[in-house]
Every structure is written in C-alpha cells, then in structure tokens.
Amino acid sequence: MELTLRNICKSFGKKEVLKNISFTVKSGEAMGYLGRNGAGKTTTIRILADIFRSDAGEVLLDGTPMARNKFRLGYLPEERGLYPKSKVGEQMMYIGRLRGMDAASAKKNAMALLEELEAEEYWSRKLETLSKGNQQKIQLAIAVLHDPDIVILDEPFSGLDPVNASMLKRLIVKQVEMNKLVLFSSHQMPYVEEFCEHICIINYGEIVLDGKIRDIKKTYPRNKIAVWPEGDPAAFLRSLTLQGAWPSMVSEACVKNDALEILLKDASDKQALLQMLAAASPGVDRVQVVEPTLEDIFVEKASPQGAAMEGPQ
Amino acid sequence: MKQMMTVFGFEFKTFAKSGAFIGITIFMVVLALIGPAIPRVIQFFGDMDIGGERRIAVVDHTGHFAHRVGTYVSPTAGMFRTIEDARAAVADGDYHYAVSIHEDSFTLYITAMGVGALNLENSIALMLRDHHRYTAFADLGIVPAQQEAIFAFFPRSEVMTLSPAGEITEDTAEDFFTNMIFSYVLSFVLYFGLLTGGSYIVTTVVREKSTKTMELLITSCKAGRLMNGKVLGVAAAVLTQILLMVGAAALSMNLFGGLETEGVLGMLDLTFDPYIMGMLVIFFFLGFIMYAFMYAALASTVSRMEDANSIQTLPMMLVMVGFFAAIFGMTNPGALWINVLSHIPLFAPFVMFMRICLGTAALWEVAVSIAAQVATIAVVAFAGGRIYRMGTLMYGNKPRLRDLLAAFR
C-alpha cells in the first residue's frame, strides 16, 4: 500500500496553512512527520484522516484517490479525549464496533492490546480514574484495535514516561513489522531516529525535507571528527594546535565531555588529520566521524532561518 | 444502520446510567406513585379535606340560622354567643373561621385569604339569600311544602360534543376533563423531557468536541449516523423514563381508585383512552426527536462548555411557544390561531395533541400533522447532519450564519 499526498493546500480564512504538501509513505515503514508547533502537521494529518478536506491537491492510495471504505484507518488525535465517566472496556468495545468489528473480536483484540500494554487491570475502570499516561495507552490501543491498514498517530509520545514510551514504541514497531503503513508526528527526535527510516519535515506549511534518514545524513559534509585521546583532552588539543598544518586544516576545535570535537575546513583533510593524530603523543583511543543528529537537522530545517535555507532534499 | 444502532445503544446506556438520569427518574416515579394517592390518603384519614370545608365558629344574632348552618356552610360548625368568643376559638386553633350573622348581612373573620374563604363567603351569602326568599314567600302565603317544590326545580342539562364533521360524538364532560389532563401531561412531559434530554445532547456533543473525541468518532463513523444514533438513543431513554412515570401513575391510580372520591378528588379517576395514549407516545417521540436534532446540530457549532447554554435558547423559545399555546389554547381550542399553530410541525406536538385530546382535530388533520412532522424531522435531520459534520470540526469562535450556510454547499 502506498499513500501519496500531492500538492495539498489548505487555508483557514486568509491564513495559508499548507502550501503544496507532497510526500509518499509505504506499507511496512514508519514515517516521522516533524515540524514545530503550528507548522501544519495536525492539519495534514486531519486531511489524511478525512476529517478536513483540502482546498487543492489530492490524496492517493496506490495511485487512485483515497476512498475511506477501501482501507481501515487507525487514528490517535493530538488531544486525547474519550468518555471520562465510562469504563475503559465499554469504550474500547464501542469504538471497535463502530469500526465494524463484532463484539467478540472487539473484546478479544482489546484484551490482547491491554495485556501488551500492561493495562489489562483497567478494563473495568472508569477512564477518569486513570493517570494521563495510562489514558494515553488506552487511546493508542483504541487506535490499533481494529487491525488498521494505515496508522496515523499525532504526537503519540507526548506526556509518556520512559517506561510507557518504550511500550508504545514496541507497539509501533510491531505495526511496522506487520506491514502496516505508519505515520506519526512527534517532537521527540530520539524516538523518531530510533525506528523511523523515513522523515518529512514541515515548516511554515511547506515541506523542507523529505527522505530516508540515512540518505539525508549522507548529504551533510562528513567534516566533523571526534577524538578520544589517552590523556587530558585539553592538553592534547594544545599540543595539536602547535602543529604547523593545523591552522590551514581546522576551522574549529573544542573539548566536549571527554573528547575533542574538530571541524575540518574540508572533509578531504580527514587523512591528513589521522596522520597527525597517529604521530601525536600521548596516543589516541578512538576516532569517529560525527554525523548530524536528527535534532541538529530538525533545528536547522525548522528554524526561521532554516525555512529560508536550501537544505539537502 | 449497524453503526447507527451501535451509537444508539451506547448513548442510551450512557445516558440511562448517568446520575442525573437515575436521580430524575427515581424522583419522577416516586412523585407519580405518591401524587395521585395524596388526596385520597388525606381524605382517608379525615383530618381535613380538599374541598375547602373547614371548621367555622358561628354567632347567629337572628336565631334563624342555627339549623341551616350545617347544610349550607359546614356540618362541623359551632355556635357561639359572642363574636369575641368565636374569634378567641379561631385564635386558639379550634376553628378556622368565625362569622357574625345579622338579618341581612354578615361578617366573616379569616386568618388568611384563599379559595376556601371565598367559597365560604358565597355559601353564607346563599344561606342568607334563601332565608330571605323563604320569608318573602311565607309573607305571600306560600306554604313551606310549596316553597320546597319551587326551590327544588333544577333543569336537566346535557353537553354534547360535536366532531369536526358536525356529528355528535360519545365524549362526555368526564372524558373531556380526562383528555385535558393528558394534554397537560404531554405538554409538561415533552417540555421537561427536552429540558433534560436536549440539555444532555448539547452537553455531550460539546464535550466530545472540546475533548476532541469527535475526531476519533468521525474517523470511525459518518457524522449523520453519529447524530442520528445519539438523538434516537437519548430519545429512547427519555421515553423510557416517561413510560416508567406514566406506569407508576397508572399503578398508583389503580391502587387508590377503590376509595370513594368526590369533588376535586373525583377528577383524578382518569380513564385511559387507547387512542389518546397512542397519540401521546407518537407525538412525544416525534416532538422530542425533531427538537433533539436541532439541539445536536446547534451544539456541534460551539466548542466550549460555557457556550453550551446560549445555543439552547432558540429551540427552547420554540418549545415554550408551543407549550404555552397548548396551555392557553385549552380555553378555546377551536380558535383560528390554535388551528394555525397546530399545523406548524414545530408546535404540533403540543398544540395538535391538545386539539386531539379536546376532540377538535379531525383524523385527516392528525394524519397530515404526523406526516408533516415526519417530513420536518427528515429535513431537520438532513440539515442538522450537514451542520453537525461541519460544526463538529469547527473550533474557536461561534459560527456565523454564513459558516452554517456553507455546510449546504
């Protein structure tokens, strides 16, 4: 299954919220849809979930206009809300049946999901008696209750403690392994980096970056080197700066934690730097090329300046 | 249909299990059980009755009335020598009223003005008038036996009810009274049913919007089915509540019906006309869902709980027009304005049902009214569904009329 957004535009009044949004997500992959607050993530997601209609552009499923009766959709809204006075089990059964399940399979799936999320004891409890994190687990279970083909999760990790976040992560990974098409928005970059191959960054209603994380990182110059010397890093740095070739090769260097972080003027100077390090005394424990983190990329692309910059696509 | 029935079941169960619903149902059922029994219980114990006949201290300055007071005024009247003694007896609480009677006038002493005091004043005046007539006849040489015969005359009377086609029906004055009661019952029940059920619909729709549950629901089910299921579920719950109340009232009347009742109490001996009862259920259900769709559609246009009350004003004003038209229209159910209002579907549940109860509505009028209400419900449901679909996802400020009209494009 392949979900494609093509030139989606959406305005509210005079405010243009989405400008020609286009991307493609495939079954068996999780796409991280990233952006700052107000960038247009939730509006895109609502259009995908057929809550809003776009003003222009089209949403295609396997190349044809998306029809809601052709696939099962699992959706976790950004703001969580169910019926606080109703019991968890009743609500899960209700939503499951609304999505076309019979009572027996709705109950079976609901119980299995609650067990997986270590929340089976909440079946008979009113939602309002659960903590915020546990309410969120119930919501996520409801999103995937009916074995959806497409799973859209808006900020699924917000407000979760690390243990619950890890459970949630396992559940999402499982959906991907089951060849589901998963799209989620998040601000928690480590989670995104951990199990997303594909990311898409939206800024001020425009896609500023779209692609596989590995490919994106490769487009950045590999000129940042981390060095872990055997002795004191500060003394080691001082000794290096005395080398004649240092000023022509290095643009910036500093001590960060137990390592030196060296920014070369040109990535092709890596070999020359390695030779210099090999000759240095005391010796060196480890040398590594530092790739930009997803957070670095996000900050670069989603900052106001980033919007104007032309980044790698 | 399956999805709508799922929503129907969930809404019915959730509303029926809510504390407010259970509380109101218990209160209404208890009221319906004890209401009809109260006058009978009071009469059974004989402490006081409902007809306004109470103990009276009489001072007769003429000597003519001692033997008549029991007949005209009260069998428990006590005779006193002076008005001071009589007033002291009232002050002590042994008597409720005191009266000082002269040849052609009397003074009544009361502790508070009320219907009982006015009735008593009339009774004493009647006693004095009759005494005056008897004396006058006697002066003319008419003997007491002849006088009794003259005064005993009272014309026989009969009230016949004509159908709208001009034919004499079998309805009696008792039927008229009973049916008038049912007209009141529907008006009150529909009014209060909409107060609770309509308010519940508004609250749940606004809450679903404010908590964004609506987004989850709308991705699981079509908006029209959501609204229809919700409205019908709540309507069924309110109807159940009403049937429980009517059942309790019928049971209570049945239990206490064996007691001898007279006057006001006798009016409570209602007979259940199957046609009227059937119409009561039909008109209640049609009226409720017509307004409930309106409530749901309007509720979907606001997203804050504090706005929930303000959007109830319009349907509530329409309900009140129908409600008061039915109540005031009972004095003259054949009036043109009542006829006109009864054919407007929004007011028909109140006004047409009142005409049915009072026998002024022809069968064809009833059939046309029901058809018009069903058609109106279809229109309101369709329009409501479009507004609901658009309104459920409209956040922020209250919508303008232009926004609502956009839903139909």
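Trainee: Of the contacts in chain B with a separation of 6 or more, what share is between residues 24 or more positions apart?
Mentor: It's 72%. Keep in mind that this is a predicted model.

Trainee: Okay. How many helices and strands does chain B have?
Mentor: The count is 17 helices and 4 strands.

Trainee: And how much of chain B is buried?
Mentor: 38% of its 409 residues.

Trainee: Which strand does E1(B) join through 5 bridges?
Mentor: That's E3(B), residues 97–101. The two run parallel.

Trainee: Which residue stands opposite Val59(B) there?
Mentor: Ser100(B), in E3(B).

Trainee: What about E2(B): does E1(B) pair with it in the parallel or antiparallel sense?
Mentor: Parallel, over 2 bridges. E2(B) covers residues 78–79. In that pairing, Ala57(B) stands opposite Gly78(B).

Trainee: New topic, helices. How many residues of H15(B) are buried?
Mentor: 10 of its 10. The helix runs over residues 348–357.

Trainee: Which residues are on that buried list?
Mentor: Among them are Ala348(B), Pro349(B), Phe350(B) and Val351(B). Arg355(B) is on the list too, along with Ile356(B) and Cys357(B).

Trainee: Which residue with a positive phi follows H15(B)?
Mentor: Gly359(B). Its phi is near 75 degrees.

Methods. Residues are numbered from 1 along each chain as its sequence is written. Chains are lettered from A and ligands numbered from 1 in the order in which they are written. This is a predicted model: local features need pLDDT of at least 70, side-chain atom pairs count only at pLDDT 80 or more; totals for chains, interfaces and linings use all residues. Two strands pair if DSSP finds at least two bridges between them. A residue is buried if 20 or more other C-beta atoms lie within 10 Å of its own, exposed if 12 or fewer, and partly exposed in between; C-beta atoms are placed from the backbone. Two residues are in contact if their C-beta atoms, placed from the backbone, lie within 7 Å.
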